[in-house]
Amino acid sequence: MSSKPTFIGAVEIGTSKVTALIGEYNGRELAIIGRGECASRGVIKGAVVDYKAASDCTHSALELAERDAGERIELVFLAQTGGHLEGFYNEAAVNVKSADNMIDRDDIRTVCDLAKSKELPAGRMVVHNIRRPFRVDGRLVPTSPENLVGQKLEVGYWNVHGQEQRLADNIHVIRGFNLEVRELVLAGLASGHMITTAEERQNGVLAVDIGAGTTDFVLYRDGVAHTTGVVPVGGTHLTNDLSLGLRLTEGQAEKLKLRHGRAILQARDKTEKVWLDGNFAIGDRQFPRYAIEQITSARTWELLEVVKKKLGHAFSADTCQAGVVLTGGTAKLPGIAECAAQVFGVPAHLGEAPAWVAENLREPGYHTALGLLYYGVSAQGEKSAPSRRKAGFLHSVSRLFATS
Amino acid sequence: MRLDTHHTPAARSWRDIPQPVKPRAMSREGRRRLVWSTLRFLIAVSVLAGVAVGGWQVTLALRENPRNAPAVAAVPVSAPKLETDGFLAADPRWLARTLALPKNATLMGLDLEQLRDRLLAQGQVNTAVLTKIFPATLKVRVTERSPIARVMAQVAGGKPQAFLVARDGVVFAGIGYEAELLNTLPWLEPLKLARDGDGFLPISGMGVVAELLGKAKLEAEHLYATWRVVSLARLNTDAEIDVRTASGATVVFSATSDYFSQIANLDLAMDKLTAQGAVFKRINLANGRDVTVTMDQPIVPIAPAGKSTSAATPAARKAATPHLPAFGNFSTNSKTTREF
């Protein structure tokens, strides 16, 4: 690959804000050189409902990022979320063809194609095919089974698919800026990759990204994404409940949530009250802290319960030894890790960006965009790398990513 | 995460979604980027095309060039090759005489601009292209001026001699022309030629003369063949051109009117006069639709059948004047003009 740098954009069109990061990729290293943010409009629960409004704010974020970087983006990795995204598991098995039972590349290709060949309902499109480890005669093979000896080769894929129109809407928003969408990446995969380590993924970890409109989760097992999912519930639902329960406007409820909301009920004194604004201005009111905490904690608990329910049998304390890692704007709610630990019955903590990430990008709001860049670059390297020459420079990028 | 766990979806994938959008669905910045990217593409294509053409030209040059270019510097130029669309090739020594290349001159040492100027100094040469063809050939391609008239002039210290005049007024010696061809050209007079070094300055007003002669030759060659002298004496003052024919008569053309109609009038008048056996001295075509004919001798009307022309009475002869209309049915009192 040439040393001429490529300027890559990572865009997350979220419900509350649009984030754009620009990375300079020289074929070996990726450096973040620009960022842009804009309050989101025309997006509800991760889905574009007003093309013009969504385009305007996305393009503003891209322009800001380009101005910050002083460079023009050439392609974009786009995060995808929303309740329309679903996943299913499909596996296939083949008998090894050769007389000496040595597995060759044709066997691997055949079993992979079979595992991915499940037909989707009309209007659905594949977003990701995430392969789980191979099995040779029932024995787990963490790497490639090529040249191993066995009679039966098995593999399974976690297939993520989404609604065609929703996917197209997001792509067209980016195309309206005359940029190519090179990779579409599940937002949960992107952020999960940033907040978990390779070791955690190997031991089993659940990454939960609680955004404003949606909650994305990825369960990692054996080093790969085992199950993914999106729950169309997020921080705005907490705000909405506060608004209804305390008879407040959305803005006031959001303010109360950020100041006094908790994921675990802590207040003991039911008569303790907190000011809405605290500036003693006319119209400022008091609300019982207990009620605020009760509403937010109940909603948070409920949200995490939904995630656990969606994971079903895939999740267990035994298979998720590294616990739960939380990120996203709503993960800043105090006590949320404690809440998650109680719901899932495993240790939980807030996710942090790797140490090499610059201080101004360590906020949970950037985890998805950062993950997009690294995930996208790695996926690009994976696609363009010759299969027999994995030890080349593209592989080093992959390794860089894998150990980050 | 191990990256080899991800594969491109085999079934309908998000990549099947067509990405191009119409410009109207783009934001202003998007459209600007589209224009910029299109421009960049066009510029890149142009540069590539330029490089390709340049490469091709270099290839052609190298093909014409011998392998050892430095060695050709020492090869003397052979006799220059002339390509012309005219008559200069009839004089095989003309080119060498004009170029006056020094002995043992090499192609590398030739100043083509200077040589071109020498060629163009010969009035007969209109354009000249000189090409070096390595190792030792100089190719000269010229286009020549076409003469439309002759003029008698005298160069310094020489005898009067005939020169040729081109449509643009350039006067030149006329090399390689056959005498039969030159004899068909009319003479110009009276004319004062202004000297310019060894030659003459171009004659002004030749444009209108060229148009008249060209039209006459094309439309009425039988008339043109009788024209001997074209006079520009009154061109500037009266805007008229006098043409003297082989019989000594004068035909006056207006330089401001359409030559075609004037020639047509002349042709018709000549037909009438010939039919009546009359000899004219002057025909003036410069009066618009009126043609004035001045007769050399009075006309004797053709006698009716049964009567001899010699039976004309002296009174009738007296009544006839030299300025009578030369043709048509008219009375003796009528004007000396006739509309055609």
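Colleague: A crossing is left-handed if the near helix is turned anticlockwise from the far one by less than a right angle, and right-handed if clockwise, so which of the two is it where α8(A) passes α9(A)?
Modeller: There, α8(A) passes α9(A) in a right-handed crossing, and both names come from DSSP runs, numbered from the N terminus, with helices being H or I of at least four residues and strands E of at least two. This is a predicted model, in which local features need pLDDT of at least 70 and side-chain atom pairs count only at pLDDT 80 or more, while totals for chains, interfaces and linings use all residues. Residues are numbered from 1 along each chain as its sequence is written, with chains lettered from A and ligands numbered from 1 in the order in which they are written.

Colleague: At what angle do those two helices pack, and how far apart are their axes?
Modeller: Helix α8 (residues 289-311) of chain A and helix α9 (residues 336-344) of chain A pack at about 45 degrees, and their axes are 10 Å apart. That makes α8(A) oblique to α9(A), the word left for angles that are not under 35 degrees (roughly parallel), over 145 (roughly antiparallel) or 65 to 115 (roughly perpendicular). Axes are lines fitted to C-alpha atoms, for helices over the stretch in contact, and angles run from 0 to 180 degrees between N-to-C directions.

Colleague: And which residues of the two helices meet?
Modeller: From α8(A) there are S297(A), T300(A), W301(A), L304(A), E305(A) and K308(A), and they meet I336(A), C339(A), A340(A), V343(A) and F344(A) of α9(A), where contact needs C-beta atoms, placed from the backbone, within 7 Å. The residues of this contact divide into seven nonpolar, two polar and two charged, with Ala, Val, Leu, Ile, Met, Phe, Trp, Tyr, Cys and Pro taken as nonpolar, Asp, Glu, Lys and Arg as charged, and the others, Gly among them, as polar.

Colleague: How do α6(A) and α8(A) cross?
Modeller: Helix α6 (residues 235-246) of chain A crosses α8(A) at roughly 140 degrees, and the two axes come within 9 Å. The two helices are therefore oblique to each other, and α6(A) passes α8(A) in a right-handed crossing. On the α6(A) side the contact is made by H237(A), L238(A), D241(A), L242(A), G245(A) and L246(A), and on the α8(A) side by A291(A), I292(A), I295(A), T296(A), R299(A) and T300(A). Those residues divide into six nonpolar, four polar and two charged.

Colleague: Switching to sheets, what is the order of the five strands in chain A?
Modeller: The order in this open sheet is β15-β14-β13-β18-β19 (chain A), and the pairing is mixed, where two strands pair if DSSP finds at least two bridges between them. At the edges stand β15 (224-231) and β19 (348-350) of chain A, each with a single partner strand, so one side of each is left without a neighbour in the sheet. From one strand to the next the twist averages 20 degrees.

Colleague: Which helix packs on that sheet?
Modeller: Helix α8(A) does, touching β13 (205-210), β14 and β15 of chain A, and its direction makes about 130 degrees with that of β15(A). As for the strands, β14 (residues 215-221) of chain A pairs with β15(A) in the antiparallel sense over seven bridges, and T215(A) has V231(A) as its bridge partner in β15(A).

How values were computed
A crossing is left-handed if the near helix is turned anticlockwise from the far one by less than a right angle, and right-handed if clockwise.
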